[in-house]
Amino acid sequence: METGSRENPEAAGVEPAWTGLPPGLLRMRRWLLAVWLGLLTAATGVLLGVFAGPVWAAFALLPLALLTGGWVMVERNWRSWRYAERADDLLISRGVLWRELTVVPYGRMQLVEVTSGPVERHFGLASVQLHTAAAATDATIPGLDPVEAERLRDRLTELGQARSAGL
Amino acid sequence: MTAPGVDGAVREKAAVTERRLHPVTPLRRAWAPVTVIIGWALHDPDQAQRQLTRLTTTTLLIALAVFVPAAALYGFLTWWFTHFAVTDTELRIRTGLLYRRAAHIRLERIQAVDVTQPLLARIAGVAKLKLDVIGADKKDELAFLGADEARTLRAELLARAAGFAPETAHEVGEAPAQELLRTPPGVLAVSLVLTGATWGTLAAALCVPPLIWLATDSVWTVLAVGLPLLGAAGASSVGRFVAEYDWTVAESPDGLRIDRGLLDRVHETVPPGRVQTVRIVEPLLWRRRGWVRVELDVAGSANSMLLPVAPREIAEAVIARVLPGVTVPPSLSRPPRRAGRCLPLWWRGYGIAVTDTVFASRHGLLRRRLALVPHAKVQSVRLAQGPWRRAWRLADVHVDTGANKTVTARLRDAEEAAELLRGQAERSRTGRRDARPDRWMAQP
């Protein structure tokens, strides 16, 4: 499958050691997708079938198509997410069609946040979010293993303190 | 009132002298109910007139007898319960009658200090002192202080923020300032005449009300639309002239001084190393005269103007003082020709340059804007590429700064963009090394 991760815009220089995301995020997103769109398919099919006739129930195929399309897209998106800890900065790369590569020097980090919602916790996942003094910095790594998330948080905090530069 | 124990403990521990604001301050608060009533009357004139005719002299007198002392008492109490103190590292403000609020502002984190004097305050001989700190809100201002007191307090705050020894900080006094530029009123007036916004709002104010009159025949609608338009036209022409009158930029060891205003005088101070980005704006009609406007971004500050109008060479000289060691790059590299497929015509306005000290990016075709970011102020770098850009092997590079402004190099060649991203990350990391410390007078 063609994914964003194979041909990367950084290929010219020294290739950093990229880390992908564990499969938990893919599982969670597919599960959410299946639950919501499955419910929608069933609801559309049943309601239209009962009230408008069986022909109209064919509209239920629409969410079903979305579900199959989404099934593939979610995987591509999951594959595109990766991050690399370099000596002095953190790289986060993501996106399939709209690609984005973010570089945050450790010294500019103001705050490292580990969050985990109820659904994420059920799948054993946690997100790491970095904040710098610029609100536009959108450096989030979703769907990490909680142990890895905490390791990353501690390491980033440590590096951030060592190289602290502030504004 | 809320927690007397805590309050007492704080007072015992901090052996600092607390001061009150100038006694004129309560009068400022007394205006509040009056402005509310005026605002209501303007908002709903019919209703106001009907209510007024119903009122008798006695009710009016009773209302006055209740309202004015209540407002005066409120003003007096807020003044009485507001204290401030300067310690070695902090400015402390304690305020609040029912809801207590104590703000401790760390002096080395001060981004800018403003002393403003509105017209009435000038007559009363008082001034407002405002501190810009990242993440703090507008409440952290000291209004009002005596004019001289405000000036000495500013000098003291800056001296302490600069890292002078605590014992000598209040004796350092005003740092000597060296004037860099003063805008003549004539040039300012001409520059406003040559600005599109002035004529646009004026044309709207003159054309829209007659059209509405033709359409509706209602005086109130015409007034309701025409007055705000006239106000906007006035604000963008006369208002700007009055606000930017006698614009003086000076340099002192405490940083950049900006003094301005015809009626309301404003004195801003931006300590060294606080400027995050500088923008050179060049409107179309100014280009023949070689004039530019210079704007700057300081984190946590609303002030954004450095020079309202100045010849280009002088503006560049001032920028060299604001961002030490920075020269405005003379030539910029344009995006490749195929960028026209993504953004026809307008792609010609884009251009970037990277020097040892700054990242510069220009955009705009008619009104050119060149943004300069010192490498040391870059917080993060992002490379973004959508499907259409990728088809043409183009990409955008965003550079985020601490003042919540993002400077973007648009439509660069994909390989060049990747190179730019890597190089910029490297430069912003190393650029910080020779930056000055937060306490700019302290010995490293």
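Reader: In E17(B), which residue is the bridge partner of B:Val358?
Author: In this predicted model, B:Val358 has B:Pro374 of E17(B) as its bridge partner. The two strands concerned, E16(B) and strand E17 (residues 368–374) of chain B, pair in the antiparallel sense, and six bridges connect them.

Reader: And what sits in the hairpin of E16(B) and E17(B), between the strands?
Author: Four residues lie between the strands of that hairpin, and B:Gly364 takes a positive phi near 100° there.

Reader: What about E15(B), how does that strand pair with E16(B)?
Author: Strand E15 (residues 351–354) of chain B pairs with E16(B) in the antiparallel sense too, over four bridges. These two strands also form a hairpin, with three residues between them, and within the pairing B:Ile352 stands opposite B:Ser361 of E16(B).

Reader: Is E16(B) enclosed by the rest of the structure or open, and why?
Author: Strand E16 (residues 358–363) of chain B is largely enclosed by the rest of the structure, because five of its six residues are buried.

Reader: Changing topic, how many residues does the largest nonpolar core have?
Author: The largest nonpolar core has 104 residues, and those with the most contacts inside it include B:Leu145, B:Val294, B:Ile319 and B:Leu421. Helix H6 (residues 147–162) of chain B gives the most to this core, contributing eight residues.

Reader: Which residues does B:Leu145 touch, if I leave out those up to four places away in sequence?
Author: With those sequence neighbours left out, B:Leu145 touches B:Leu21, B:His22, B:Val126, B:Ala127, B:Leu129, B:Ala150 and B:Leu153.

Reader: Okay, and chain A, how many helices and strands does it have?
Author: Chain A has four helices and seven strands, and, read from the N terminus on, its elements follow the order β-α-α-β-β-β-β-α-β-β-α. Of the 167 residues in chain A, 27% are buried. Among its contacts with a separation of 6 or more, 57% come from residues 24 or more positions apart.

Reader: How many residues of chain A are in contact with chain B?
Author: There are 26 residues of chain A in contact with 26 residues of chain B. On the side of chain A that touches chain B, strand E4 (residues 99–105) of chain A supplies the largest share, which is seven residues. By class, that side of chain A has 15 nonpolar, five polar and six charged residues.

Reader: So which strand of chain B do the bridges join E4(A) to?
Author: Five bridges join E4(A) to strand E18 (residues 378–385) of chain B, and the two strands run antiparallel. Within this pairing, A:Thr102 has B:Arg382 of E18(B) as its bridge partner.

Reader: What is the order of the strands in the open sheet there?
Author: The open sheet has seven strands in the order E1(A)-E2(A)-E3(A)-E4(A)-E18(B)-E19(B)-E20(B), and the pairing is antiparallel. Strand E1 (19–20) of chain A and strand E20 (406–413) of chain B stand at the edges, and each has a single partner strand, so one side of each is left without a neighbour in the sheet.

Reader: Which helix packs on the sheet?
Author: Helix H13 (residues 414–430) of chain B packs on the sheet, where it touches E3 and E4 of chain A together with E18, strand E19 (394–401) and E20 of chain B. The direction of H13 of chain B makes about 170° with that of E18(B).

Reader: And how many bridges join E2 to E3 of chain A?
Author: Four bridges join strand E2 (residues 82–85) of chain A to strand E3 (residues 89–94) of chain A, and these strands run antiparallel. A:Tyr83 has A:Ile92 of E3(A) as its bridge partner.

Reader: Last topic, the domains: what does the domain assignment of chain A give?
Author: The assignment gives domain 1 (24–76) and domain 2 (83–162) for chain A, and the C-alpha centres of these domains lie 32 Å apart. Their contact takes five residues from domain 1 of chain A and eight residues from domain 2 of chain A. Helix H1 (residues 24–51) of chain A gives the most to the domain 1 side, with four residues.

Reader: How is chain B divided?
Author: Chain B is divided into domain 1 (185–244) and domain 2 (274–430). Seven residues of domain 1 of chain B are in contact with six residues of domain 2 of chain B, and helix H8 (residues 185–193) of chain B gives the most to the domain 1 side, with three residues.

Notes
Residues numbered from 1 in each chain as written. Chains lettered and ligands numbered in written order. Predicted model: local features only at pLDDT ≥ 70, side-chain atom pairs only at ≥ 80, totals over all residues. Contact = placed C-beta atoms within 7 Å. Nonpolar A, V, L, I, M, F, W, Y, C, P; charged D, E, K, R; others polar. Pairing = 2+ DSSP bridges. Core = buried A, V, L, I, M, F, W, Y, C linked by C-beta atoms within 7 Å. Buried ≥ 20, exposed ≤ 12 C-beta atoms within 10 Å, placed from the backbone. Domains from an automatic or database assignment. Axes fitted to C-alpha atoms, helices over the stretch in contact; angles between N-to-C directions.
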